[in-house]
Amino acid sequence: MRWTKVAAAGITSATIWAVMAQVAVQTPSPAPPHPRPVIFLDPAHGGADGGAKVGDSVLEKAVTLELASRIRPLLSARGFDVRMTRDGDPTPTPTTDQRAGLENQAHPAACIILHSAPTGTGVHIYTSALSEATTAVAPANAIVPWDEAQSTYIASSLRLSSEISTAFSRSQIAISSGRTWMPPLDNLLCPAVAIEIAPLNADGSKPPTDAGYQQRVAEAIAGAVLFWHGKTDPTTGAAQ
Amino acid sequence: MISRYQRILFWILVGSSVFMAGYLIYLHQRVRSTAGTEGDDTPIAAPASSQAESITFALAHDADGTITNTELSVALPGESAVRARALVERLLSDDALPRSEHPLPGGIAVEDVYLVNLPLTAPQRTGGESLGVPQLPTKAEDADPMTHASGQLAVVNLRGSWADAHPSGIETETLTVLSIIGTLHANLPSISYVRFLVDGQQRATLAGHIDLARTYRSVDTANATHP
């Protein structure tokens with residue numbers, strides 16, 4: 001009698017395990033989470049390279065890092081995977097070529113290079129002055145000259161620059177936009193802009209070190225990147 | 001009791017003090033009114049035998065990040081390379097004036113400007129000539145656009161002391177390079193490319209931002225034209 005009960009109990013538990021295993025097989029495994037688009041922030045300068053003298057005792061490297069630290073959480077909250085070329089003030093600091101290498105390896109949706117200057121007013125937005133490549137996307141096995149890597153992304157970089165300019169205009173921040181030749185901007189394989197934050201007013205009353213001014217700039221950039229990414233085909237970088 | 005002569009002496013001293021204060025205020029105002037020309041670091045122009053002519057300068061404006069073509073009457077030498085050097089020197093020395101809209105460091109900025117005829121050709125290699133084999137360019141030579149270009153390459157050799165003192169920033173450095181290129185293009189149409197050296201050496205950036213190791217096309221860089 002006791003053996004019968006044990007056997008019955010064994011059969012029952014075996015059956016349950018079998019059913020459970022079958023259910024487990026039949027139930028589709030949860031889909032892997034969709035990878036979040038990567039945005040690379042590059043706070044320029046750092047270490048021995050202090051950059052421009054923005055305030056009485058403030059160097060450009062400190063302002064760019066502070067601004068990047070304000071943009072990072074705003075972009076993360078909007079669903080982006082935000083990476084930075086430097087989190088602190090490391091010595092030695094990566095060179096512009098090393099920064100471009102880091103960013104290109106991550107295949108980011110966009111790269112934003114941050115600078116600061118004591119001259120001019122408002123925010124200066126620059127895209128690469130390279131001529132646009134004839135093919136929209138370079139073939140995977142094509143050799144791209146290092147100094148002209150950005151040429152295949154000029155159109156999408158200009159669209160990103162345009163969205164950011166519009167966002168700054170809405171935030172009533174004076175902007176001037178242009179094109180330049182600058183490392184690592186020319187070496188990036190992603191839509192890329194260089195943003196230089198100058199004093200807000202011509203009389204220098206709101207310098208780039210002003211926390212409130214930096215926050216306005218950060219919010220405008222984060223909003224513009226989200227809006228731009230929503231309108232862009234993530235596979236090609238082209239406008240939808 | 002103060003004696004009479006002491007009172008007279010006292011009032012003479014008071015009067016002298018008031019007079020000297022007034023004279024100091026007058027001198028101070030006179031210095032302030034002439035302060036605008038005191039910081040002029042423009043080198044004294046060498047006596048020129050040539051006539052003054054209308055020259056187009058591509059002037060930079062930091063406030064709005066623009067380049068404006070502006071005509072000025074200047075006497076320049078006739079020889080192309082010397083003319084190019086004088087043009088760039090005049091452009092950059094005007095930017096060093098106190099009321100400049102694109103403030104740059106004073107002093108002499110340009111060491112030399114060299115004009116090189118294009119296309120560049122490599123020195124003849126030995127070996128093939130004796131066999132009558134035509135000299136073909138190597139793959140690297142063929143890939144260099146300077147071996148196919150026409151016109152002239154202007155090599156602007158800047159002074160290191162001037163470049164080191166140049167303000168750092170994307171906008172200000174870009175405007176400096178664009179204004180030099182635009183001025184050369186407007187006045188010396190034979191120049192098709194421009195390269196920059198600092199103290200005779202290639203330098204990565206001008207002051208930490210714009211790429212100075214690149215060969216730039218000589219083009220019109222102005223956003224607006226003022227007569």
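Two strands pair if DSSP finds at least two bridges between them. Helices (H or I, at least four residues) and strands (E, at least two) are DSSP runs, numbered from the N terminus. This is a predicted model, in which local features need pLDDT of at least 70 and side-chain atom pairs count only at pLDDT 80 or more, while totals for chains, interfaces and linings use all residues. Residues are numbered from 1 along each chain as its sequence is written, and chains are lettered from A and ligands numbered from 1 in the order in which they are written.

**Strands of chain B**

- Strand β4 (residues 152–158) of chain B pairs with strand β5 (residues 191–198) of chain B in the parallel sense, over seven bridges.
- Within this pairing, Ala154(B) stands opposite Val194(B) of β5(B).
- β5(B) is also joined by two bridges to strand β6 (residues 216–217) of chain B, and these two run antiparallel.
- Here Val194(B) stands opposite Tyr216(B) in β6(B).

**Chain B as a whole**

- Chain B contains six helices and seven strands, in the sequence order α-α-β-β-α-β-α-β-α-α-β-β-β.
- Of the 227 residues in chain B, 29% are buried; a residue counts as buried if 20 or more other C-beta atoms lie within 10 Å of its own, as exposed if 12 or fewer do, and as partly exposed in between, with C-beta atoms placed from the backbone.
- Two residues are in contact if their C-beta atoms, placed from the backbone, lie within 7 Å.
- Among chain B contacts between residues at least 6 apart in sequence, 74% join residues at least 24 apart.

**Val116(B)**

- Val116(B) belongs to strand β3 (residues 110–117) of chain B.
- Because 14 other C-beta atoms lie within 10 Å, Val116(B) is partly exposed.
- Leaving aside neighbours within four places in sequence, Val116(B) contacts Gln152(B), Leu153(B) and Val155(B).
- Val116(B) and Gln152(B) are 36 residues apart along the chain, and their C-alpha atoms are separated by 5.4 Å.

- The 18 residues of α2(A) reach 26 Å from first C-alpha to last, close to the expected 26 Å; the expected span is 1.5 Å times one less than the number of residues.
- Buried residues of α2(A) include Ala62(A), Val63(A), Leu65(A), Ile71(A) and Leu75(A), and also Glu60(A) and Lys61(A).
- These buried residues pack against β1, β2 (81–84), β3, β6 and α5 of chain A.
- Just after α2(A), Gly79(A) has a positive phi of about 95°.
- Helix α5 (residues 211–230) of chain A has 20 residues that should span 28 Å, and its end C-alpha atoms are 29 Å apart, which agrees.
- Among the buried residues of α5(A) are Tyr213(A), Ile221(A), Val225(A) and Trp228(A).
- The cover over the buried residues of α5(A) includes β1 (38–43), α2 (60–77), β3 (110–116), β4 (123–128), α4 (154–170) and β6 (192–197) of chain A.

**Nonpolar core**

- A nonpolar core is a set of buried Ala, Val, Leu, Ile, Met, Phe, Trp, Tyr and Cys residues joined through C-beta atoms within 7 Å.
- The largest has 96 residues, and Ile39(A), Ile112(A) and Ile221(A) have the most contacts inside it.
- α5(A) supplies the largest share of this core, nine residues.
- Not counting residues up to four places away in sequence, Ile221(A) touches Ile71(A), Ile112(A), Ile164(A) and Ile195(A).

**Contact between the chains**

- The contact takes 19 residues from chain A and 16 residues from chain B.
- On the chain B side, four of the residues are nonpolar, seven polar and five charged; Ala, Val, Leu, Ile, Met, Phe, Trp, Tyr, Cys and Pro count as nonpolar, Asp, Glu, Lys and Arg as charged, and the others, Gly among them, as polar.
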